[in-house]
Amino acid sequence: MEATSLNLHSTEIHVGDSDLVGQMMRMREWLDSRRFEPAVFRYDHVDSSVIIRVDFSEEQEAAAFAREFGGKLLR
């Protein structure tokens with residue numbers, strides 16, 4: 001079997017700790033309403049904020065997500 005590499009487009013969003021639950025719910029609703037399916041969804045706590053990284057297989061979806069949530073598309 002031949003291995004294939006998955007070309008993912010990563011986004012990074014910074015959220016305050018106090019707003020994490022609300023932002024996560026808003027992100028899920030936004031993704032569901034557009035039928036976007038992220039490949040990877042992870043987060044890390046840094047000081048009093050959370051860095052959320054979401055990877056998409058489609059660059060247009062990643063760019064739209066980053067724009068909507070004030071994040072950036074990682075290159």
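Predicted model: local features only at pLDDT ≥ 70, side-chain atom pairs only at ≥ 80, totals over all residues.
User: Which residues of helix 2 are buried?

Analyst: Buried means under 20% relative accessible area. In helix 2, Glu61, Ala62, Ala64, Phe65 and Ala66 are buried. Their cover includes strand 1, helix 1, strand 3 and strand 4 (72–73).

User: Let me step back. How many helices and strands are there, and in what order do they run?

Analyst: The protein has two helices and four strands. Starting at the N terminus, the order is β-α-β-β-α-β. Of its 75 residues, 35% count as buried. The C-alpha atoms fill a box of roughly 45 × 30 × 20 Å along the principal axes. The accessible surface comes to about 5200 Å², and 48% of that belongs to carbon and sulfur atoms.

User: What share of the contacts with a separation of 6 or more comes from residues 24 or more positions apart?

Analyst: Contact means heavy atoms within 4.5 Å. Among contacts in the protein with a separation of 6 or more, residues 24 or more positions apart account for 64%.

User: Now helix 1, please. Which of its residues are buried, and which are exposed on the other side?

Analyst: Leu20, Gln23, Met27, Trp30 and Leu31 are the buried ones in helix 1. Viewed down the axis of helix 1, its buried residues fall within an arc of 95°, so they line one face of the helix. On the other side, Val21, Met25, Glu29 and Ser33 are exposed. The buried residues of helix 1 pack against strand 1, strand 2 (40–46), strand 3 and helix 2.

User: What is the span of helix 1 from its first C-alpha to its last?

Analyst: Helix 1 has 15 residues and reaches 21 Å from first C-alpha to last, close to the 21 Å expected at 1.5 Å a residue. Just after helix 1, arginine 35 takes a positive phi of about 60°. Helix 2 is also followed by a residue with positive phi: glycine 70, near 65°.

User: Which residues touch the most other members of the largest nonpolar core?

Analyst: The largest nonpolar core holds 16 residues, and Ile13, Met27, Trp30, Ile52, Phe56 and Phe65 touch the most other members. Strand 1 (9–16), helix 1 (20–34), strand 3 (49–56) and helix 2 (59–68) are the elements that give two or more residues to this core. Take methionine 27 as a case: leaving out residues up to four places away in sequence, it touches Ile13, Val15, Phe41, Ile52, Phe65 and Phe69.

User: In strand 1, is threonine 11 buried or exposed?

Analyst: Threonine 11, which is found in strand 1, is buried, with a relative accessible area of 0%. Beyond its neighbours within four places in sequence, its contacts include Ile52, Phe56, Phe65, Ala66 and Leu73. Serine 10 is in strand 1 too, and at 17% relative accessibility it counts as buried. Again leaving aside neighbours within four places, serine 10 is in contact with Val54, Asp55, Lys72, Leu73 and Leu74.

User: Which side chain makes a polar contact with the side chain of serine 10?

Analyst: Aspartate 55 does: its side chain and that of serine 10 make a polar contact of 2.7 Å. The side chain of aspartate 55 is also joined to that of arginine 42 by a polar contact of 3.1 Å. Arginine 42 lies in strand 2. Apart from neighbours within four places in sequence, arginine 42 is in contact with Ile51, Ile52, Arg53 and Asp55. The C-alpha atoms of arginine 42 and leucine 20, 22 residues apart along the chain, are separated by 13 Å.

Note on methods. Residues numbered from 1 in each chain as written. Heavy atoms only, no water. Core = buried A, V, L, I, M, F, W, Y, C linked by side-chain atoms within 4.5 Å. Buried < 20%, exposed > 50% of the residue type's maximum accessible area, 1.4 Å probe, protein only. Expected span 1.5 Å × (residues − 1). Arc of directions from axis to C-beta. Polar contact = N/O pair within 3.5 Å; in protein donor to acceptor, adjacent residues only side chain to side chain. Areas by Shrake-Rupley, 256 points an atom, 1.4 Å probe, with all protein chains shown as cover.
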